[in-house]
Amino acid sequence: MDKKTFIIKGDICYSESLDEIKTFENHYLVCEGGKIQGVFPEIPEKFSGVPTENFEGQLVIPGFTDLHLHAPQYAFRSVGMDEELLEWLQARAFPEEARYEDLEYADRAYGIFAEDMKRGATTRACMFGTLHPEATLLLMEKMEATGLVTFVGKVNMDRNSPDILRETKEESAKNTLRWLDGAKGKFKRTHPILTPRFIPSCSDGLMEELGRIRREYRLPVQSHLSENQGEIAWVRKLCPDASCYGDAYLRWGMLGGELPAIMAHCVYSGETERRLMRENGTFVAHCPQSNMNLASGIAPIRRYLEEGLRVGLGSDVAGGTTASMLRCVTDAISVSKLWWRLKDEDCRPLTVPEAFFLGTKGGGAFFGKAGSFEPGYEADILVLDESRIPWPGHFSLRERLERFLYLGDDRDVLHKYVAGERLF
């Protein structure tokens, strides 16, 4: 029998919508060929011969999607947290990323990163590499070996960057094509994603070239948008004809539309920018911990959800100090409470079901049908170990999940499946 066809028995929790967590105690989760077939109180007759794993009494939830992180920054996470974004980039991020020209260093650093990602609660992720084609291919090789499903991008930068981390427009386009050709046909679970770092580091000429490459290779795109007030003012000077920061991407076909796009942060997206993102189906990668650490601000995610924007979560390592999506879920709730209390009492905080949805099905939608246990979804499954956080009384299944989100961490993932393949 196909090893991706199996049944798991356990205490099952997942989202179908923003406002509710479905809970099923001692139920059976049926997976056939790597796809979810449903959750049942008893094993259906047609699946009676399928191998069953008994995790009775343990939480079983969908895997998390991290829509935004910087793989080369993992090596220095939790350093430089007293600095704001633009200062931090110059003092910390850029010098570290320049080191990835050395493939021996890249091999060691990406090896640590990949192993931690494999062991954690993340099953799918979108990540930045560096501008070095060889190092980015190495990162893709490392991620392929983890079993996770990922999008990995070679970063593009041709202005407003240190000499050691800047290409010419021609070099950037040429190296992007060399990277894409090097990755073609090489990976099953690891996919390329076009990655202009952000408007300040990409000239109009480079953005035009990247737009052409995007159309030719049919690539999704990831970048940063409206993260920091100084950054937004900078973009206003660089692109005086743009109606907003998002419009500076839209003019080059980089905000979504037929080919999907992820824009990280969106802390200060105004009405015009939000409308452009909604019209183009842009995914907002909400990065609550990074926005706190780098003093960027609080993104009003409630407003974005009410306006119909597509929202998921991002750890944004190393602006975020951890790649744990459990922490990302609870941070999203916490910062939304601050926005409600300090900025807008009509903008109610995120609830646990809503934040859990964003971390699973919300972000998973970038990959298609991922992040839920609805029939037809990819079988991304976590079996959780609650033994480190025992309790003396009784909690409902919904309460146990909430408790785990706040008190558990990545070391409490007992078993992990991605697209039906068991990683451990």
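On this tour, a residue is buried if its relative accessible area is under 20%, exposed if over 50%, and partly exposed in between, using a 1.4 Å probe and protein chains only. You are looking at a predicted model, in which local features need pLDDT of at least 70, side-chain atom pairs count only at pLDDT 80 or more, and totals for chains, interfaces and linings use all residues. Residues are numbered from 1 along each chain as its sequence is written, and side-chain values use heavy atoms, with hydrogens and water left out.

**Stop one: a tyrosine pair**

Select Y249, which is buried at a relative accessible area of 0%. Helices here are DSSP runs of H or I with at least four residues, strands are runs of E with at least two, and both are numbered from the N terminus.

**Stop two: rings across the chain**

Phe, Tyr and Trp rings (the six-membered one for Trp) pair if their centres lie within 6.5 Å; planes under 30 degrees apart are stacked, over 60 edge-to-face, and the rest tilted. The structure has 15 such aromatic pairs. Select F151 and F366: their rings are edge-to-face, 5.5 Å centre to centre with 75° between the planes. F151 sits in strand 7 (residues 149-153) and F366 in the loop between helix 12 and strand 15 (381-384), 215 residues apart. Both F151 and F366 are buried.

**Stop three: helix 12**

Select residues 352-364. What angle does the kink in helix 12 have? It is about 45°, centred on L358, where the bend is the angle between axes fitted to the seven residues ending there and the seven starting there. As 13 of its 13 residues are buried, helix 12 is largely enclosed by the rest of the structure.

**Stop four: cysteines**

A search of the whole structure finds zero disulfides, meaning pairs of cysteine sulfur atoms within 2.5 Å. Select C287: its nearest cysteine sulfur, that of C328, is 6.7 Å away. C287 is buried, with a relative accessible area of 0%.

**Last stop: charges over rings**

Here, NZ of Lys or CZ of Arg must be within 6 Å of the ring centre and within 35 degrees of the ring normal. Select R77 to find it over the face of Y74, 3.7 Å from the ring centre. Then select R119, whose charged end sits over the ring of F424, 3.9 Å from its centre.
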